Amino acid sequence: MKRCSLDHLALAVLLAVLCVLPFTVTGYVLYVVNLLMVFAVLSLGMHIVIGEAGQFALSHTAFYGIGIYTAGILNAAWHPPFFVSILAGGVIAAILGYVIGFLALRMRDIYLALATFAFGEAMQWVFLNWESVTGGSNGMQMQPARLFGLRLTNDLQAYPFVVGIAALMLWITVWLSRSQYGSALRAVRESDVAAMAMGINARAMKQSAFVISAAFAGIAGGMYTLFVSFIHPDSLGFQTTILVLTMVVVGGLGSVRGAIAGALVLGVISEVLRQAQSAQEIIYGLILLGFMMFKPRGLFSGTGKRGAKPRASADAVATTGRSAAP
Amino acid sequence: MSLGDIWLFLQQGLLSGLVTGSVYALLALAIVAVFKTTDVPNFAQGEMLMMAGYVALSLLLLARLPYVAVILITLVVMSLGGALFQRVVMERVTGSRGVGVQLVITTLGLAYLLRGLVRQTGLGDTPRSLPSLVSGDTVAIGEAVLTKLDIAIFVTAVVVMLLIYFMFTYTRIGKAMRAVGMNPRAAQIVGIRLSRIRMMVWAMAGLISAIAALLITPKILITPDIANIAILAYAAAIVGGFTSLPGAVVGGLLIGVVENMVGLFISTNAIVVAPFLAILVTLILRPQGLFGGKVQVKKV
């Protein structure tokens, strides 16, 4: 069976489930689904910078937090229609992403990972200590988002908008990945020297992928403010970055459907494990170790044996990216 | 703040900084040694330290062994644990063409697992310290005041560093480790068994974690959060160049001193963010670190 039609089928099923859900389940389940949508957008953003452009950046949560605080503060101050505050969060995250990318992208691999990791931790410190803006360690109570007189006060009201934005971001990701720009990113991922020889501005490619990824994270932060009314810096630490990174890698590095599947699967797992506090870390650690040992290329790792050979697998990842849903 | 105060703070910051810095330097050595020989950035170094602390604690509290036996068993258990992790897990991940992302996630998995195991035992609920072999009497050096414990920590750490230096310079195993770090394929050709050397490096990382834990825990309380010390070790490794063993030592001492100075002169609140700023500044201004040598351009 063709991969593409399978994707359409999966997407149709997902859509059907999402349509039926609000009429059948309780508020908690809707909250979880909303959260999964936010995670999906986060992991799409990380997919762009790590999966497509091959840049190992670990600052995703920082931009997510910036999106949350920007949207939250705008909502409280001016009550704009919520898409304005979400966009503002995306734009501010993108601007900061540009600056950080400008400084950090001269580095490669582990150095880039460490620099962005340090930036992420420093941002968490800022969230925790800039008390006049973020409320510091008391957290910040957020006003309900508004849309022309409509106030989003519960999960059900936010649900259609959250799902809609997630769908839009998925469409943008697939569109980017199928465009010439996406091919250029993958060329840079495979070898920036070879890409430059073909006339691709590798530096600008990495930079733009980093900025887009930051914008995605900022928008995911804005989505979060639609259905949650409280934010505390504790939830904006490195472990959130790890969670999103795991989603992308467990799903299958370099594949859009992997990023989505990883977000859904691990999002559910992390929410279920929240109930079993004591065993949470052990199970999570075992999942990570198990996947890396026995299925290092994730759930959607291209097809068949081609994944085994280094060069061929790169092609496989590239083609997976191209034929990705929908 | 008068001039006399500043002079006093400088002395105190320098000496206290060297003491804590020597422990960071040990951990940074472990991180760098593992990274050089196996290409794995070990994000679980802090958890290994924490685990060592809790192994010692549980031997002391539950098995009620004498302290000397506790120390020896902790050292052995941590070395074996490190070697086992490399043999069972890392070997497999690197074997299946693990790239950076996979390697990092694997060590993060180990970090989660160790944290979870410690929490599961319930030992982490009440913070405790290990007993100290040295009295807590104070000694004045210049105008600064240290405890005898501080001096013992510093001296032991320096001795361990010297031993590591001699191992790398004069023993066959040490030379083999360096060879693997320079060029694994060439090392294999001259008859070095890669998997054995890598196991030994991880065993060494476990051993160093155990030593560091035994040194620092009489001074500070053991909690699961003790793992966060590794961030300072990471900063130390980066300042030193991440692939340089002497760099790791210098970086560790430097980070220790800077941390203490920041605490004395600016505020204790700023201590938390100091290592990240050190990482960022180093990577932006001098990505190769103090001792990293030239940045190498990768050929296609």
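Hi everyone, let me start with a definition: the radius of gyration here is taken over C-alpha atoms, and the globule rule is 2.2 Å times the number of residues to the power 0.38. Chain B has 300 residues, so a compact globule would come out near 19 Å, and chain B agrees with its 19 Å. Along the principal axes, its C-alpha atoms fill a box of roughly 60 × 50 × 35 Å.

Some housekeeping. This is a predicted model, where local features need pLDDT of at least 70 and side-chain atom pairs count only at pLDDT 80 or more, while totals for chains, interfaces and linings use all residues. Residues are numbered from 1 along each chain as its sequence is written, with chains lettered from A and ligands numbered from 1 in the order in which they are written.

So what is chain B built from? It has eleven helices and two strands, taken as DSSP runs numbered from the N terminus (helices H or I, at least four residues; strands E, at least two). In order, the elements go α-α-α-α-β-β-α-α-α-α-α-α-α.

The strands E1 (138-141) and E2 (144-147) of chain B pair antiparallel over four bridges; pairing needs at least two DSSP bridges. B:Thr138 sits opposite B:Thr147, and B:Val139 is bridged to B:Leu146. Two residues lie between the strands of this hairpin, and B:Gly142 has a positive phi near 65°.

Now burial. Helix H2 of chain B, residues 45-61, is mostly covered, with 14 of its 17 residues buried.

The largest nonpolar core has 211 residues, and A:Val41, B:Leu27 and B:Leu29 have the most contacts inside it. Such a core is a set of buried Ala, Val, Leu, Ile, Met, Phe, Trp, Tyr and Cys residues joined through C-beta atoms within 7 Å. Helix H8 of chain B (194-216) gives the most to this core, 17 residues. Beyond its neighbours within four places in sequence, B:Leu27 touches residues including B:Gln45, B:Leu49 and B:Ile208; contact means C-beta atoms, placed from the backbone, within 7 Å.

Finally, how many residues does each chain bring to the contact? Chain B brings 35 and chain A brings 39. On the chain B side, H4(B) supplies the largest share, 16 residues.

Key. Contact = placed C-beta atoms within 7 Å. Buried ≥ 20, exposed ≤ 12 C-beta atoms within 10 Å, placed from the backbone.
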